[in-house]
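Colleague: I have a few questions about this model. Can we go through them one by one?

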Amino acid sequence: MANKLLANLISGADKGFENSVAATLLSDISFSRFNSSKYFIFPGFCDVHVHFREPGFSYKETIKSGSAAAAAGGYTAVCTMPNLNPVPDSAEHLKIQTDLIKQNALINVLPYGSITVGQLGSELSDMEKIEDSVCAFSDDGRGVQQADVMTAAMLKAKSLGKIIVAHCEDNSLLHGGYIHDGIYAKEHNHKGICSESEWGPIQRDLDLVRKTGCAYHICHISTKESVELIRKAKSEGLNVTCETAPHYLVLCDEDLKEDGRFKMNPPLRSRKDMEALIEGIKDGTIDMIATDHAPHSAEEKSRGLESSAFGIVGLETAFPVMYTYLVKTGIITLEKLIELMCINPRRRFGIPLGTDFTVWDLEEKWTVDPDRFLSMGRATPFKDYELDGKCHLTVYDGKKVFMEE
């Protein structure tokens, strides 16, 4: 059996986890190839920010294809955002999604409930009726524009013991922008999105957290100002966590190309922003790495930077990108990466690990070919990148959900 086991990173873990992994591997003769010291066994990864597009947009992704892509990336738990049709803002609407999950999910798929009805930002969703079936509440894809609505949401979420998960974006500051208001936008005559459109709402919401005492999590931070605001909030003891995504830690607006696979929201920011995010990862200001896996059809991503849909895929490349560019370069340790991609998100959102695990060959090099993705989405800025680390096996709830043939 692989002898490089990081299971002891899990708080409270003991030989029970290691023994369960061994038993699972030994119970199936097809696992015998993993009896080698070159393989690393990690606890199943957890991504608290994905878009699986069902119900409503199954031409982009489905629960089945999205969970297959997640398993191929080493994930055994994901949280799906509520920008769906219908929006999961009531028990009736949520049941449509949870029925699809029960029928088709290969791993643990946990839905978010929306903060507001229809994600329209004015009336709170039926939070009490759906709180037992959702991991948290979010209007991801849209920022809650009105402070009084966010205050009411925080108070309600606090009373239910749930987290508010915020997409922080001030619509009044967007001005039709679609990439960062920086070097590339100026040199190529593109409309830019200013950094304040992100950090302004974060500043507002942190003030509301001070007043309400709500548990608060911030999605996909991308600016240096956001990092500093969150660092200060944590120093005050506020119940605040945040995430960033692999692309914000490896790329900046200097890397942009005239291609829809470089368009996401928030956009790739400046080099100084990227460096601040890396410092936030190193000092613990940023708690976890999430992919914001957001698949679209090929046609929707074929219209260049200006007109393509916002969003890229990331589940099948996240760990190799982070291992190649953060761990192998000495920026963080492998143990730290597992904390960011498994332990911290599970701990914050109360998602148990069980005996889920994933097996990797960290020395194996491979070239990113989107045509081989299990996701229906193909848009990635890491196309043709040579990465280190290949997933060979993922086991969820004792079942083999992915195996590299």
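Colleague: Where is the place of Gln119?

Modeller: First, the ground rules: this is a predicted model, where local features need pLDDT of at least 70, side-chain atom pairs count only at pLDDT 80 or more, and totals for chains, interfaces and linings use all residues. Residues are numbered from 1 along each chain as its sequence is written, and side-chain values use heavy atoms, with hydrogens and water left out. Helices (H or I, at least four residues) and strands (E, at least two) are DSSP runs, numbered from the N terminus. Gln119 sits in the loop between S5 and helix H4 (127-130).

Colleague: Is Gln119 buried or exposed?

Modeller: Buried means under 20% relative accessible area, exposed over 50%, and partly exposed in between (1.4 Å probe, protein chains only). Contact means heavy atoms within 4.5 Å. Leaving aside neighbours within four places in sequence, Gln119 contacts residues including Pro82, Asn83, Ser138 and Arg142. At 5% relative accessibility, Gln119 counts as buried.

Colleague: What is the relative accessible area of His93?

Modeller: His93 is found in helix H3 (residues 91-104). Leaving aside its neighbours within four places in sequence, it is in contact with Pro86, Val87 and Pro88. His93 is partly exposed, with a relative accessible area of 26%.

Colleague: How far apart in space are His93 and Ile130?

Modeller: In sequence, His93 and Ile130 are 37 residues apart. In space, C-alpha to C-alpha, the figure is 9.8 Å.

Colleague: Which strands stand at the edges of the open sheet of three strands?

Modeller: Two strands pair if DSSP finds at least two bridges between them. The order is S3-S4-S5, with parallel pairing. An edge strand here has a single partner, so one side of each is left without a neighbour in the sheet. The edge strands are S3 (45-50) and S5 (108-111).

Colleague: Which residue is the bridge partner of Phe45 in S4?

Modeller: S3 and strand S4 (residues 75-80) pair in the parallel sense over four bridges. Asp47 stands opposite Val78 in S4. For Phe45, the bridge partner in S4 is Tyr75.

Colleague: How many residues of S4 are buried?

Modeller: S4 is mostly covered. The buried count is six of its six residues.

Colleague: How many residues of helix H12 are buried?

Modeller: Helix H12 spans residues 318-327 and is mostly covered. Its buried residues include Phe319, Met322 and Tyr323.

Colleague: Which residues have the most contacts inside the largest nonpolar core?

Modeller: A nonpolar core is a set of buried Ala, Val, Leu, Ile, Met, Phe, Trp, Tyr and Cys residues joined through side-chain atoms within 4.5 Å. The largest one has 95 residues. Not counting residues up to four places away in sequence, Tyr216 touches Met154, Ile164 and Arg348, among others. The residues with the most contacts inside the core are Ile164, Tyr216 and Phe319.

Colleague: Which helix gives the largest share of the lining of the largest cavity?

Modeller: On a 1 Å grid over the protein atoms alone, a cavity is a set of points where a 1.4 Å probe fits but cannot get out, and lining residues have an atom within 4 Å of a point. The largest cavity is lined by 14 residues, and Cys168, Glu169, Glu198, His220 and Pro266 lie nearest its centre. The largest share, three residues, comes from helix H7 (residues 196-212).

Technical notes: On a 1 Å grid over the protein atoms alone, a cavity is a set of points where a 1.4 Å probe fits but cannot get out, and a pocket is an open set with protein on both sides within 12 Å along at least five of seven lines; lining residues have an atom within 4 Å of a point.
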